[in-house]
Amino acid sequence: MEIREVSFRGAALSVSTRPQEWLPQVAVAGRSNVGKSSLLNWLFGRSVARVAKAPGKTRTLNFYLVNSSFYLVDLPGYGYARVAKSLRSQWGRELERYLTEERRLAGVISLVDIRHPPTALDLELNRMLQTIGHGFIMVLTKADKVGRSQRARARQALQRQLGLATPPLAVSVRTGEGRAELMADIADLLTSWRQRQTGD
Ligand code: GDP
């Protein structure tokens, strides 16, 4: 799969203002500063997602229509508050309901910075995603910032902590590492979602 065209289709929180078409959605989640906007622009091949923004300001879902066939959905960053709060209190009920109830959600790309162990909120989100049973792509960002052995350790540790079947993908927007694999994983999520539609 290649991304040929992408357009921003709005920021929304409430269900009524989200895109209405019955197209699959792949959401991207991670704590503030994990590299989410950079990763989106890198996948898009152009600057569409805003990179510089005040952390924690926006709680909207940002919808990007890709190739007229699916949405990439930028979820609000979390973990910006100094006081440790639960994901639920940072994100609110709407976000939780989006993840649990949106039937067009084909899966979630979950980002963790390769340099830091996952935070309590990272673990809370990822356990929730595993419970919901969505397709789920675990990604370690900024892989260029660590050496080979630290990378291997980070992948193994996260796999063990989350009980993943396969080690997380390591990606870097600087070197391009992991892009083809991530695109292939996204294509797999979309294929599984489409198969479930015809099976319903
Ligand atoms: P967001 O808050 O999750 O949207 O994070 P940003 O995309 O704004 O990135 C946070 C910072 O990390 C910025 O300074 C980016 O330039 C940097 N960054 C993001 N991805 C990478 C990467 O793959 N490699 C390196 N070296 N820096 C990155």
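Predicted model: local features only at pLDDT ≥ 70, side-chain atom pairs only at ≥ 80, totals over all residues.
Local features are given where pLDDT is at least 70 and side-chain atom pairs where pLDDT is 80 or more, while totals for chains, interfaces and linings use all residues. Residues are numbered from 1 along each chain as its sequence is written, and side-chain values use heavy atoms, with hydrogens and water left out.

**Ligand site**

The ligand is surrounded by 16 residues, the closest being Asn33, Lys36, Ser37, Ser38 and Asp144; a residue is near the ligand if one of its heavy atoms lies within 4 Å of it. By class, this shell holds three nonpolar, six polar and seven charged residues. Ala, Val, Leu, Ile, Met, Phe, Trp, Tyr, Cys and Pro count as nonpolar, Asp, Glu, Lys and Arg as charged, and the others, Gly among them, as polar.

| Residue | Atom of the residue | Distance to a ligand oxygen |
|---|---|---|
| Glycine 35 | backbone N or O | 3.0 Å |
| Serine 37 | polar side-chain atom | 2.7 Å |
| Lysine 142 | polar side-chain atom | 3.2 Å |

Taken alone, the ligand exposes 580 Å², of which the protein buries 81%; accessible areas come from the Shrake-Rupley method with a 1.4 Å probe.

**Helix α1**

Helices (H or I, at least four residues) and strands (E, at least two) are DSSP runs, numbered from the N terminus. Helix α1 spans residues 36-44 and is largely enclosed by the rest of the structure, because eight of its nine residues are buried. Buried means under 20% relative accessible area, with a 1.4 Å probe and protein chains only. Lys36 and Ser37 are among the buried residues of α1, and both are also among the residues closest to the ligand. Glycine 45, with a positive phi near 80°, follows α1.

Tyr98 and Leu99 are among the buried residues of α2.

Each of these two takes part in a contact. The side chain of glutamine 25 makes a polar contact with that of tyrosine 98 at 2.8 Å. Glutamine 25 lies in strand β2 (residues 25-30) and is buried, at 1% relative accessibility. The side chain of histidine 134 reaches the backbone oxygen of leucine 99 at 2.7 Å. Histidine 134 lies in the loop between α3 (120-132) and β6 (135-141) and is buried, with a relative accessible area of 18%.

How values were computed
Polar contact = N/O pair within 3.5 Å; in protein donor to acceptor, adjacent residues only side chain to side chain. Buried < 20%, exposed > 50% of the residue type's maximum accessible area, 1.4 Å probe, protein only.
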